[in-house]
Every structure is written in C-alpha cells, then in structure tokens.
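Visitor: I would like to learn how to read helix packing and a chain contact in a model. Where do we begin?

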Amino acid sequence: MKVFNAGIAWAFGLVVYGFILLPVISLVVFSFQATALPVPPFTGPSLRWYEELFADSGMIEALANSLVVGTISGVASTGLGFLAAYGLARHRPRGAKIVRAVIMTPLGVSYLVIGFGLSITANELALGKSLVLVTLGHIIINLPLAFAIILSQMREEDESLERAARDLGAGELTVIARIVIPVVLPGILAAFLLSFTLSWDEFIIAFFLADFDVTLPIEIWSQLRTGLDAKTNAAGTLVFAISLVALTLAYILSRTTQRRSKGS
Amino acid sequence: MNSHVRWRGWVLVGPALLVTLGLFAAPMVLVIITSLYRREGASINRALSLDNYVRILTDATIHQALLNSLEVVALTVAFSTLIAYPFAYIIAFRVASKWQPLLLLLTVLPFWTSYVVRSYSWLLVLAKNGVINQTLVEWGVLAEPLAMANTRFATVLAFTHFFVMVSTLTIYASLRQIPTNLGPAARDLGASPLQVFLRVTLPLSIPGVVVGAFLTFVLAIGDYITPQIVGGGNELLLPQLLILQVSRRGDFPLAAAMALVLLVIVALVYAASSKNLTLERRK
C-alpha cells in the first residue's frame, strides 16, 4: 500500500514528531535555566529552580496533598471496582447489564459537569470545600475505569479454580483473598496506577471542590498567574517524571498480564 | 446458581452502585433541579421556571460562547484528523512492526505531562519572547515577534496537539485491523495504489476516524483549562462562561442550565456517531 513515497513520509513524520514533542522539550529544557525566564537563549544547565521548588512550602504541601488524594481515591475506586467486577462476573446478579451500565455512566459526562454537580451538592448539604470532597470526586471519575479494567481480567476459565477451592471447604473471604485477588492482581494494580495518575493530574474537579488546601495542579495553576517562570517549568517537569514512573509500572504490569493470558 | 449466591452478588456490587448513585446520579439530579431555579440579586429563587433556558436561547453572550466553542472544536477535529490520519498511516504501513509500539509510545509521550502543565508549555512555545518567536527573529524570518499566545489560534493549536495523539491511536488501531491481503488482491485486479487507498483502506479505517473525532469533540467541548491558559480571555468558550457564572456572578442556576446544554450536545453527538463507535471490526 504505497500512496506517498518514502521521502515525503519521513519528512511528514518528523514534522509531526516535532510538533508533538516541542512543548515537552521546551518545558524540560528550560526547567534547567539559570535565569528566571524560561525562554531562549538557554542559560543553564542549573538546578536552581528545583532547589527553589523544594524550598517552596506551598508547592511541597500541594504535592503531598496530591499524593494522599491520589492514593486514597485510587485505593477506593480500585477496591469498589474490584468488588463490583467480581460480583458481576461470578455471581451474575439479576439486572447485571443495568448495573454495569450505571457504573459506567460517569465516563460519558465531562469532568466539568461532574465537578460542578458535586460542588452544588456540597453547597446544598452545607459541606465546606475540602480535600475530602476532592477525593470523593476523584473516586467517582475513576471507579468506572477501575471497574472496566478489572472486569476485563475476570476470565471464565479461572472460575473453576474458585469452585475447586469452595469444594475443598474455603469460605467466600478465603476464596477472594487466596484465589481471586492473586489471579487478577496485575489488573488490580494497573487499575490503581491509572486511577492514581488521573487523580494526580486532575484539575477541574479539584478547582471546584478544594479550598485552601490544594492539589498540585491547582497550585501550579495559581503560579501561572505570574506568567512564564522557570520554577513552573521545574514543577511541570517533576510532575511529568512522576507520571512517567507510574505509567511505566502500569505498562510493565499490563505486559505481565498479557503474557499470562497468552501463556495459559 | 442458587438465589443465595445471587444475593451475594448484590452485596459485592452494592458499594460501587451506592457510590455511583450518591456521588454521580444525585448530583446530576440536583444540577437539573438547580437549572430550574433563578438567581435574583444575591439570592436564589427556588420557584421552578424555565427562565435560564430562555436566557440561553436569547442571550447574545451565551450564543457567542456556544458558537466559539463549536467553531474551536470543529477546527480542532478537522486539523487533528488531517494530521493524525497520514501520521497513523505511516506508522502502520511504512514502519517495521517491531518499531511501531515504540513510535506510538513516543507519540503519546506529552500525554503524561499534566493537563495544566501541557497548556503552560504551549505558552512557553508561543509567547512573544517564546521559543518560536525568538528563533524566527534570530533567523531573520520575522522582523517583529508575532502575537500568537492568547488567541483562538493558540487554543486550536494546543487542542490539536493533544487530540492528534488521541486520534493517531484510534486511527492506527483501525488501520491495523485491515486484513493485509486486501491491498495486494485489489492490485492484482488492476487497482492503482490511489484506488486501493480510496476504495479499500480509507473506508475500512473510518471507525478509527470516527472514534477519534468523537473523543476529540467530547473532551474538547467541556475543557476549561486550555482556552483559559493559552487562549486567554479575549474570546470566551462555553466552559469559561460557565465557570464565570459560578466564580464571579454566583449564578449557579444559569451555570447548571449551561452544564446541561453541554451534556445534551455531547449526547446528540454520541447518538449521531454511535453507529461507528467501535474499534473492533464488524463481521
């Protein structure tokens, strides 16, 4: 299937990669700028802005808040998603299709609308804005994803293992802890890491629901008001690095899962 | 399975269902109810009325924001599809299979910088003293730096950047599902390479194009950050106007009605494209 020749293909590919990577490269390179403005000419390399970043208590608190919100909401949505996926795949309650559709619905609604809905609900219930609300918001956006990922790992072949364990006298909790969880563990970890990453990056819901204690995207957002600043580059590069680590882990786990499904 | 076990299924599904109802369904119902209230001065009149919807239908500012949003999103869908299609095609058919995963990984790399940071990094590139202007002035291409940040151009460019990544993945997935013997078969029957593309490859890859365009539309139309950071306040898109109602004017009822308008637009687009919304090949 040759529509265009190799030269044009190469040139086009390089231009698109340039377009895709230019902002990221600018971000990372100018985070090592020695002077304040993250624009050419490059005056670094210098770690000055990383030092300033780690000396900025607001930024460090926001980073810690994001880690806590991401971890708690990730554990909650993965836990809820796991129980629901297991319940649907193995016990097949009546109305399973409807249950599945209901749990998946939030995926079709934009975060803006979900965040707005939660903020007027909190208002109506006279709940003050807080990181707790942000955490709840992140649970609801990540639950459908965690549920879908884990459900896709629940394979019928594995049910015989569970039945065998029950026949040998294992109770439901033992079956879950000793058979079900170990078998779908890669899916569970991938769901957690994806939920964590999305929470870590989420802006608009936190914008609606956070008060004085903020998450990292909100803190970076408020720093943007001062315009271009090499410290913001350093913060952005750090966020990028942490997301990459989480995603690399998720990727390795999904590879393990694939190998498992091919192997068995 | 006996009824005891079915009952157990509900216990397992119950928590997720309750969380979904409490944190999603109930707030959505409240958004609908709130959209029927009315702001009067500093207070909210809870008598139900359609006033906010009448305002949305008649208010020129809201029309303009809606129009801006639809235009920006339409341009974004067009540009990202036009760039992503040939790009995905090259990766799928002109690169050895073993390199393809690596190239795709490189394609979505910026996806993992944060949402806020990605918009900010476009500001770095487009600013008056930013990477592009400084380089072009230095090379003598430009005498004066161009005003690129805080324009519609910047919003569309930053959106296109993000959605080229999304559409490349969906189109690539579609292209790879085309049976490899179809092209040579058509060639044997006398089709030219262009005919093979137009009559075989393109029609079979339409699902990938539609899924990518759908995701682009849905995610871009509800986005606040990109227009706010790179587009500036020169022209408002619908999400910006919505946030303005909440943060500046305290007009939650109008904001609720606008949120529902967004929801309905997305639902309509979903209904229009749902026939093609699958990446799996139909038998």
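Guide: With a handedness: the crossing of α7(B) and α9(B) is right-handed. Note that this is a predicted model.

Visitor: At what angle do α7(B) and α9(B) pack, and how far apart are their axes?

Guide: Helix α7 (residues 152–176) of chain B packs against helix α9 (residues 193–221) of chain B at about 155°, and the axes are 7 Å apart. Angles over 145 degrees count as roughly antiparallel, so α7(B) is roughly antiparallel to α9(B).

Visitor: Which residues of α7(B) and α9(B) meet?

Guide: On the α7(B) side they include F159(B), F163(B), V166(B) and I171(B). On the α9(B) side, P207(B), G208(B), V211(B) and L215(B) are among them. By class, this contact of α7(B) with α9(B) has 11 nonpolar, seven polar and no charged residues.

Visitor: How do the axes of α2(B) and α12(B) cross?

Guide: Helix α2 (residues 51–58) of chain B and helix α12 (residues 252–273) of chain B cross at roughly 65°, their axes coming within 9 Å. That crossing of α2(B) and α12(B) is right-handed. N52(B), Y53(B), R55(B) and I56(B) of α2(B) meet P253(B), L254(B), A257(B), M258(B) and V261(B) of α12(B). The classes are seven nonpolar, one polar and one charged.

Visitor: How many residues of chain B are in contact with chain A?

Guide: The size of an interface is often given as the accessible area lost when the parts come together. Here we have residue counts: 71 residues of chain B contact 67 of chain A. Helix α1 (residues 3–35) of chain B gives the largest share of the chain B side, 20 residues. That side has 52 nonpolar, 15 polar and four charged residues.

Conventions. Residues numbered from 1 in each chain as written. Chains lettered and ligands numbered in written order. Predicted model: local features only at pLDDT ≥ 70, side-chain atom pairs only at ≥ 80, totals over all residues. Axes fitted to C-alpha atoms, helices over the stretch in contact; angles between N-to-C directions. Helix = DSSP H or I, 4+ residues; strand = E, 2+ residues; numbered from the N terminus. Parallel < 35°, antiparallel > 145°, perpendicular 65-115°, else oblique. Left-handed = near helix turned anticlockwise from the far one by under 90°. Contact = placed C-beta atoms within 7 Å. Nonpolar A, V, L, I, M, F, W, Y, C, P; charged D, E, K, R; others polar.
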